[in-house]
Amino acid sequence: MAAAEAAVVSSSSLKPDTTPVPESAGMAAATAATSSAMAAAAAVAARTGSEARVSKPALATKLLSLSGVFAVHKPKGPTSAELLNRLKEKLLAEAGMPSPEWTKRKKQTLKIGHGGTLDSAARGVLVVGIGRGTKLLTSMLSGSKRYIATGELGKATDTLDSTGKVTEEKPYDKITQEDIEGILQKFTGNIMQVPPLYSALKKDGQRLSTLMKRGEVVEAKPARPVTVYSLSLQKFQPPFFTLDVECGGGFYIRSLVSDIGRELSSCANVLELTRTKQGPFTLEEHALPEDKWTIDDIAQSLEQCSSLLPAETALKKSKPEESNEPVLSWLSGP
């Protein structure tokens with residue numbers, strides 16, 4: 001813009017004095033208009049910069065006011081805890097926290113946690129509580145869940161899924177679709193189930209999976225009562241079979257697949273696992289993908305999901321609660 005103006009001025013200065021006055025007036029007007037436009041643009045830029053500086057505290061205030069339960073889409077790979085940390089980092093970065101002005105406000109705290117561990121090799125719905133919504137996560141742990149699981153016949157692993165080391169191989173060629181369908185009733189209703197050694201269950205305050213990875217000898221937990229509301233075979237292409245399972249809290253799909261393999265006089269492990277529903281939250285309708293992990297998107301999701309919760313557990317809108325905890329503390333799920 002400056003170069004163009006300079007060129008115009010130079011050309012004008014080379015013209016003889018006989019140049020008509022209206023043209024000179026027009027040039028002056030054009031120059032004045034350009035200057036005004038530049039000044040206006042500078043004012044807008046300055047105002048925008050000021051608004052951007054103000055927006056961070058406003059976003060931080062909005063983030064700390066969020067309360068409720070929503071769902072995110074967990075991909076394969078990270079653990080549930082790692083995914084939760086990634087979510088926290090994105091929200092805090094968007095809000096510009098921590099910053100000096102927020103560090104001074106010792107009573108402000110961000111609480112966030114998840115309502116039920118999903119294996120690192122699994123994907124699907126992960127329910128998240130934020131603010132006072134963390135108090136509702138216990139009900140998510142005990143509520144119903146639905147999974148689509150693909151098992152592989154003929155191989156057993158130490159983790160009961162494809163991430164583990166193969167510990168046993170058995171033939172499966174004589175197993176038919178009718179054989180699998182015929183035994184599913186044994187795993188439906190109120191049953192007893194032995195949890196896998198690689199699990200979030202604890203011994204002396206430490207997770208069994210952690211102890212196993214250290215090479216320590218770990219005894220299997222005793223069988224415990226669990227509930228399977230529905231169980232059906234969706235597909236069978238030997239050695240792979242796909243199940244649709246709806247179950248209650250404390251149930252392990254890996255143990256189910258392993259037990260089915262054993263019941264068929266073979267062995268099996270989980271190849272793929274997707275949680276399609278947890279409580280009232282479904283993967284297709286409610287789980288936010290990572291590109292939607294923003295303060296505004298989560299606020300909107302909290303508003304939409306509030307109607308899914310039972311009236312007795314739904315949170316009423318109120319000011320964010322205060323505590324004496326350090327700034328930016330949070331809760332983590334199991």
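Predicted model: local features only at pLDDT ≥ 70, side-chain atom pairs only at ≥ 80, totals over all residues.
Student: How many helices and strands does the protein have?

Tutor: Helices (H or I, at least four residues) and strands (E, at least two) are DSSP runs, numbered from the N terminus. The protein has 9 helices and 14 strands.

Student: What share of the residues is buried?

Tutor: A residue is buried under 20% relative accessible area, exposed over 50%, and partly exposed in between (1.4 Å probe, protein chains only). Of the 334 residues in the protein, 39% are buried. Accessible areas come from the Shrake-Rupley method with a 1.4 Å probe, and for residues only the protein chains shown count as cover. The protein exposes about 18,000 Å², of which carbon and sulfur atoms supply 55%.

Student: What can contacts say about the chain as a whole?

Tutor: A contact means heavy atoms within 4.5 Å. Among contacts in the protein with a separation of 6 or more, 75% are between residues 24 or more positions apart.

Student: How should I read strand β4, and which strands pair with β4?

Tutor: In a regular strand the side chains alternate between the two faces of the sheet. Two strands pair if DSSP finds at least two bridges between them. Strand β4 (residues 145–153) joins β11 (residues 240–247) through 8 bridges, and the two run antiparallel. Strand β4 also pairs with β12 (residues 268–278) in the antiparallel sense, over 9 bridges. As examples, A149 has L243 as its bridge partner in β11, and T150 has E272 as its bridge partner in β12. Because 7 of the 9 residues of β4 are buried, this strand is largely enclosed by the rest of the structure.

Student: Where is P239, and what is the form of the peptide bond from P238 to P239?

Tutor: P239 is in the loop between β10 (224–237) and β11. The peptide bond from P238 to P239 is cis, with omega near 10°. P239 is buried, at a relative accessible area of 12%. Leaving aside neighbours within four places in sequence, P239 contacts G151, E152, L153 and Y172. P171 is 68 residues from P239 along the chain, and their C-alpha atoms are separated by 9.7 Å.

Student: Are L160 and S265, each with a positive phi, buried or exposed?

Tutor: L160, in the loop between β5 (155–157) and β6 (166–169), has phi near 70°, a positive value in a residue other than glycine. L160 counts as buried at 17% relative accessibility. S265, in the loop between α8 (253–263) and β12, has phi near 60°. S265 is exposed, with a relative accessible area of 62%.

Student: Which residues of helix α9 are buried, and where do they fall around the axis?

Tutor: An α-helix has 3.6 residues a turn, so residues three or four places apart point the same way. In α9 (residues 295–305), the buried residues are I295, I298, A299, S301, L302 and C305. Seen down the axis of α9, these buried residues fall within an arc of 165°, so they line one face of the helix. The arc is that of the directions from the helix axis to the C-beta atoms. I298 itself has a relative accessible area of 0%, and I298 contacts L66, F70, L87, L91, L288 and K292, apart from neighbours within four places in sequence.

Student: Which residues touch the most other members of the largest nonpolar core?

Tutor: In soluble globular proteins, nonpolar side chains tend to be buried together. A nonpolar core is a set of buried Ala, Val, Leu, Ile, Met, Phe, Trp, Tyr and Cys residues joined through side-chain atoms within 4.5 Å. In the largest core, of 29 residues, F241, L243, V245, F251, I253 and I260 touch the most other members. Strand β10 gives the most to this core, with 5 residues. Apart from this core lies another, of 24 residues, including A60, F70, A299 and L302.

Student: How many disulfides does the structure hold?

Tutor: A disulfide is a covalent bond between the sulfur atoms of two cysteines. Here the criterion is a pair of cysteine sulfur atoms within 2.5 Å, and the structure holds 0 disulfides. C247 is buried at a relative accessible area of 1%, and C305 is buried at 1% relative accessibility.

Conventions: Residues numbered from 1 in each chain as written. Heavy atoms only, no water.
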